[in-house]
Amino acid sequence: MMSTFYTRWLGGRQGGIAIMLLMLLMFVVMPLWLDIFRLNLVGKYLTYAFAAVSLVMVWGYGGVLSLGQGIFFGLGGYCMAMFLKLEASDMASTARQTTPGIPDFMDWNQITHLPAFWEPFHSLTFTILAIFVVPAVFAYIIGAAMFKRRVGGVYFSIITQAIASILTILIIGQQGYTGGINGITDLKTLHGWNINTESAKYILYYLNGGLLIGVILVCRYVLSSKLGRLLLAMRDKEDRVRFSGYDVSNFKIFIFSLGAIISAIGGAMFTLQVGFMSPSFVGIVPSIEMVIFAAVGGRMSLVGAVFGTLMVNYGKTAFSESFPELWLFLMGGLFIGVVMYFPNGLAGLWEKHGQKWASCIRRLQCVSAVKNWAENRRAAKLGATGE
Amino acid sequence: MFGYSVSDLGSIVVMQGFSGLSLFSVLLLMALGLAIIFGQMGVINMAHGEFMTIGAYTIYVLGKITAEYFPTFLPYYFFFALFAAFALAFLVGYLVEYLMIRHLYKRPLDTLLATWGLSLIMQQIFRTIFGGREVSPNLPDWLMGSWSVTDTIDIPINGMVVMAITFAVTGLVVMFMFRSSWGLKVRATTQNRLMAGAVGINTKKVDRMTFAVGCGIAGVAGAAFTTIASTGPTSGSQYIVDTFLVVVFGGATSILGAIASAFSIAQAQSILTFFLTNAMGKVVTLLVVIVILMLRPEGLFSSKVRK
């Protein structure tokens with residue numbers, strides 16, 4: 001039992017070390033080092049990391065590039081936001097509206113009763129279920145329609161992108177039902193628990209980090225199963241897997257739906273930590289940015305994707321504060337550079353150089369390596385002057 | 001129906017239909033370039049919209065220069081500027097293919113990401129040079145105004161010019177593809193790259209030319225676009241998703257398919273927009289397209305291509 005957990009969930013020694021490092025950074029270093037405002041910001045980035053991790057599964061291992069991960073991030077976020085909004089719009093606090101008891105943006109848009117699809121979101125149980133089920137069903141429909149007909153590659157990317165764009169237009173257009181371009185704002189409490197206090201923010205940050213670790217472990221488990229091997233085989237030679245008698249499309253649908261659920265968890269945690277949800281986290285641009293998070297971290301590395309997300313977002317915040325013009329150049333350069341020169345991202349670099357140094361330090365050979373190098377240099381110099 | 005009389009409805013259909021034709025022109029010009037690039041190389045150029053913007057800014061700059069130094073020339077400069085727009089977008093496309101795209105042919109998904117990065121950089125370059133605000137070029141007077149067919153129907157002249165440009169460019173592209181030796185090579189490479197190479201076609205050179213020509217056509221699209229709307233750094237990217245859908249819906253490699261799908265998407269969108277809201281018209285159109293694509297993934301006109 002213990003050894004299954006070690007090899008399959010943690011991913012053996014290397015995987016365990018990576019997870020430990022990530023946990024150390026998330027749970028100890030960040031909270032000690034940063035004030036609550038910055039920590040909340042990191043928490044926000046970590047919710048994007050869910051989407052990046054899901055892309056590692058879907059794109060890195062499944063071989064299908066989804067440019068619509070924002071759809072699922074948004075669906076999860078909106079489900080959560082609808083629940084919180086209903087709780088925030090109780091009779092007492094909306095008494096001044098023409099129709100009390102409905103969210104304020106509905107009142108502004110002359111809607112006089114709560115739309116039917118909002119009703120079930122009074123219940124927290126339903127909301128949590130919806131966060132898992134709605135994106136999964138949505139992804140299943142898209143996936144079944146596309147993969148069963150052997151649509152893949154660039155086509156799939158374009159169609160997911162178009163769906164992301166449609167969803168954004170729809171949310172913005174249906175202001176009365178969705179809050180429009182401002183999104184769903186002024187979220188206050190979760191079952192009477194104020195989510196805007198400092199202690200709540202700490203708790204949510206740790207909850208978020210714990211969920212992220214959990215998701216990574218589940219992904220490791222899936223990848224270490226036979227399914228994981230099949231996914232890799234499919235990515236590299238889909239026809240061979242198909243000719244061996246496997247139904248390729250079902251595996252793709254599964255991994256796409258799993259990715260959708262993971263992104264949706266991130267979206268729900270985003271709403272809880274940031275306190276609002278808006279269409280600007282659904283559309284084309286956020287979706288493709290999630291891809292760059294995964295690409296920078298390494299499209300084949302679950303933990304790498306988290307680091308990639310943190311790094312890119314840190315860069316974005318730092319640059320857009322001081323040099324807003326430079327940021328787009330840098331972001332564009334990042335897309336081109338990662339794809340052309342570092343297709344395996346940070347994790348690839350780590351595997352190539354980092355491990356060598358780590359083992360070097362571990363065996364205390366570093367000292368002798370430096371000595372050797374210095375001696376060689378001296379010998380070369382002597383040789384050069386001797387001539 | 002909807003509280004309009006029959007003759008009103010007729011005028012609405014004609015005028016919305018005409019504004020649909022302007023949208024059709026822009027979509028078609030964009031899609032033509034994208035379709036031949038995608039059809040031949042399997043590469044999706046996310047920066048295609050920015051090549052359109054290059055064309056639009058070329059007109060703007062040339063219009064400024066003409067108004068400043070050769071005011072008498074102003075009524076005619078537009079036609080020369082069209083060629084300049086093509087040439088500039090062609091050149092940039094040629095460079096981009098040489099520096100970036102050709103290294104990524106074996107990885108189409110990565111090309112998608114790299115060209116997205118390119119589009120971000122290009123947008124920021126436009127913003128740095130021309131500022132974030134939208135600009136409109138000095139258009140000759142004869143482009144303004146409209147032609148009243150009946151009391152209720154007004155057809156804008158610039159719309160007609162855009163359509164004329166579109167027809168001319170489409171005609172030229174069809175002629176090049178089916179009547180020139182370059183077109184022959186392109187079609188051969190599209191159908192079977194290995195065999196084309198084996199019979200002595202330099203497929204790399206053909207790729208580079210095709211990519212550049214596709215970008216050049218996008219430049220012309222941008223030039224035509226300036227006559228109906230103003231240009232900002234992100235003007236091109238607003239059309240990119242629609243254009244992709246046009247290409248995929250049309251069947252990716254077929255020029256006829258691109259024309260048919262651009263026409264149906266543009267018309268549906270512009271007529272629905274009148275009866276629903278702007279956003280809903282677009283949502284309904286795109287949703288229908290996606291549902292059709294899910295039922296028929298190869299698009300309207302699929303061609304038999306050896307993968």
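These notes cover the contact between chains A and B and two loop residues of chain A.

1. This is a predicted model, in which local features need pLDDT of at least 70, side-chain atom pairs count only at pLDDT 80 or more, and totals for chains, interfaces and linings use all residues. Residues are numbered from 1 along each chain as its sequence is written, and chains are lettered from A and ligands numbered from 1 in the order in which they are written.

2. Chain A puts 36 residues into the contact and chain B 32 residues; two residues are in contact if their C-beta atoms, placed from the backbone, lie within 7 Å. On the side of chain A that touches chain B, at least two residues each come from α6 (124-147), α7 (153-173), α13 (284-297) and α15 (324-341). Of these, α7(A) gives the most, with 15 residues. Helices (H or I, at least four residues) and strands (E, at least two) are DSSP runs, numbered from the N terminus.

3. By class, that side of chain A has 27 nonpolar residues, seven polar and two charged. Ala, Val, Leu, Ile, Met, Phe, Trp, Tyr, Cys and Pro count as nonpolar, Asp, Glu, Lys and Arg as charged, and the others, Gly among them, as polar.

4. A:Gln110, in the loop between α5 (104-108) and α6 of chain A, is a residue other than glycine with a positive phi, near 60°. A:Gln110 counts as exposed because it has 9 C-beta neighbours inside 10 Å. The cut-offs, for other C-beta atoms within 10 Å of a residue's own, are 20 or more for buried, 12 or fewer for exposed, and in between for partly exposed, with C-beta atoms placed from the backbone.

5. A:Asp186 also has a positive phi, near 55°, and is found in the loop between α8 (175-178) and β1 (189-190) of chain A. With 14 C-beta neighbours inside 10 Å, A:Asp186 counts as partly exposed.
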